[in-house]
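Colleague: I have just opened this entry and would appreciate a short tour. Could we begin with the overall layout and then go into detail?

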Amino acid sequence: MDLNARNLTDLQAYVGFLEANNLLIRVKTAVDSHLELAGIAKRFEGDKALLFEQVKGSDYPVLIGLYWNMDLMAKVFGCESSQLPFVLTQEIRAWRKNPMEPVILESGPANEVVETKIDLGKLPVPHHATGDGGRYLTSSVVIAKDPDTGIRNLSVHRMMVTGENRFTLLLEELGHVMDYYKRAEARGEALEITVNNGVDYPVIMAAAVPSSAAPIDTDELGIASQMRGVPVELIKAQTVDVEAIANAQFVIEGRILPRLREPEGPYAEVTGYYAHRDDRWVMEVTAITRREQPIFHSILSGREVGNAYGLIAGAGAFDKIHSIVPEVTAVHFADGCVPYHLVVKMDKKHEGSQRNAIMAAFVSLAFVKTVTVVDEDVDIYDPVDVDWAVQTRCRHEKDLMLIPDAIGHRLNPMVEDDKWTRLGIDATVPLPWPDKYIRTTMDDVDLSAYEFTGR
Ligand SMILES: Cc1cc2nc3c(=O)[nH]c(=O)nc-3n(C[C@H](O)[C@H](O)[C@H](O)COP(=O)(O)O)c2cc1C
Ligand SMILES: [Mn+2]
């Protein structure tokens, strides 16, 4: 694949590329990382990316907005935004067929400077939403190793700064890091991790590939390597036996402590609600390394998180769903609230296989609440068109599949006792396709042959 993201090896190169393509806004005024930075970013949400050149009390600039605009992302990948999901699915497929191993170096840009004193207060970590409980890392990639097999894992976690050398963080129940942590904790051991801030699309996206596409016995760094087109370079850490991303901006090393929980939250989640404050997992920082001139990377809490997760999660799930039900031709997370509503498009050949598509989608994505399946003539990227299909093709008495007491996504306020009801909506036309379901069309006119004014 001709991926521009391959040539963009680090955030400095991203900044240069975005600027050259008129996709970057520089904020020249010094801003406060407490509420002000995110408040400004919110006003630009979905626009060009933002580089805050000066953050009060910190030596480092902050880049935000790399994931909030699909066209910007497509530009970096060198494709049309409509093609982006398929490009990513191809990368996951190529990785599965021929996994590429990362390489381990002694040193790299990310450990040019080893901080002599550990002080998270020096980093421009934003306090995003007004009701948040503290300053949050939102985009840093955690590398951990399976305590039994040593296989590496990539994942992203919200992490709240609670001291000079301390975070509290969220581990999702079904995630691989949670699995590792539980096994380490049962032995009374901490789980060593590196937290990599300021990494490229391939590394963050590989971290968000769902476990249905990247099971626990696979190393997601292989997916990042595939997307970069070359093996990802890792560096050895100073204080833990886990590697870090060589061209990250900052590496925070440390351990998630066993049998200890401390308050984390509230945090403005992707749901549009605050996740409540509760006792959660604790990371003790053992070292911080960085580049000579690092750029701190953040993802604006809320929608941008959904984008960063939804695109690659959809691409990974598509690979899985398509392998089970080949008639499925595309999937898309409805933009309203990623990751809860997945729209599935299919070229139905067998009556009933749309129900298999719904079930395949549910098992491929643990946190999807609603799956709507539509025919090939529906534009799944247009919520109006999807609603049109539901309103004109779904027999509510027969075509709704309710799955009560399924495992819920804890971030969603609808979840009770970790459970909720999942809903499948079959909005496909029954086969053989009756004439009454033929869509109206107009003549497909070539506009270049006409003269217009006022256009
Ligand atoms: C921006 C962003 C924020 C995320 N925040 C969290 C989080 O706080 N806790 C969590 O467990 N997963 C979070 N996730 C989701 C996991 O990173 C994702 O489910 C990943 O696939 C888990 O890796 P695993 O399949 O190897 O367990 C986040 C993902 C993204 C992209
Ligand atoms: Mn994993």
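Modeller: A word on terms comes before the layout: the domain bounds used here come from an automatic or database domain assignment. Please also keep in mind that this is a predicted model.

Colleague: Understood. Into which domains is the protein divided?

Modeller: There are two entries in that assignment: domain 1 covers residues 82-298, and domain 2 covers residues 325-435. Their centres, taken over C-alpha atoms, lie 31 Å apart. Where they touch, domain 1 contributes 10 residues and domain 2 contributes 10 residues.

Colleague: What classes of residue does domain 1 present on the side that touches domain 2?

Modeller: That side of domain 1 consists of 5 nonpolar, 3 polar and 2 charged residues.

Colleague: Stepping back, what are the dimensions of the C-alpha trace along its principal axes?

Modeller: The trace spans about 75 × 60 × 45 Å. The radius of gyration of the protein is 23 Å, which agrees with the value near 23 Å for a compact globule because the rule is applied to 455 residues.

Colleague: And how much of the protein is buried?

Modeller: Buried residues account for 49% of the 455 residues.

Colleague: How many helices and strands does the secondary structure come to?

Modeller: The protein has 11 helices and 23 strands.

Colleague: Please take me through one of the sheets. What is the strand order in the open sheet that contains β12?

Modeller: This sheet of 3 strands runs in the order β4-β12-β13, and its pairing is mixed. The edges are β4 (103-105) and β13 (244-245), each of which pairs on one side only.

Colleague: In which sense do β4 and β12 pair, parallel or antiparallel?

Modeller: Strand β4 pairs with β12 (residues 233-235) in the parallel sense, over 3 bridges. Within this part of the sheet, Leu-105 stands opposite Ile-235 of β12. In general, strands of a sheet pair through backbone hydrogen bonds.

Colleague: Changing topic, which residues are closest to ligand 1?

Modeller: The closest are Ser-155, Arg-158, Glu-172, Gly-175 and His-176, from a total of 21 residues that surround ligand 1.

Colleague: Which elements supply at least two residues each to that shell?

Modeller: Strand β8 (152-156) does, as do the helices α6 (176-186) and α9 (303-324). By class, the shell around ligand 1 comprises 11 nonpolar, 8 polar and 2 charged residues.

Technical notes:
Residues are numbered from 1 along each chain as its sequence is written. Chains are lettered from A and ligands numbered from 1 in the order in which they are written. This is a predicted model: local features need pLDDT of at least 70, side-chain atom pairs count only at pLDDT 80 or more; totals for chains, interfaces and linings use all residues. Two strands pair if DSSP finds at least two bridges between them. Helices (H or I, at least four residues) and strands (E, at least two) are DSSP runs, numbered from the N terminus. A residue is near a molecule or strand if its C-beta atom, placed from the backbone, lies within 6 Å of it. Ala, Val, Leu, Ile, Met, Phe, Trp, Tyr, Cys and Pro count as nonpolar, Asp, Glu, Lys and Arg as charged, and the others, Gly among them, as polar. Two residues are in contact if their C-beta atoms, placed from the backbone, lie within 7 Å. The radius of gyration is taken over C-alpha atoms; the globule rule is 2.2 Å times the number of residues to the power 0.38. A residue is buried if 20 or more other C-beta atoms lie within 10 Å of its own, exposed if 12 or fewer, and partly exposed in between; C-beta atoms are placed from the backbone.
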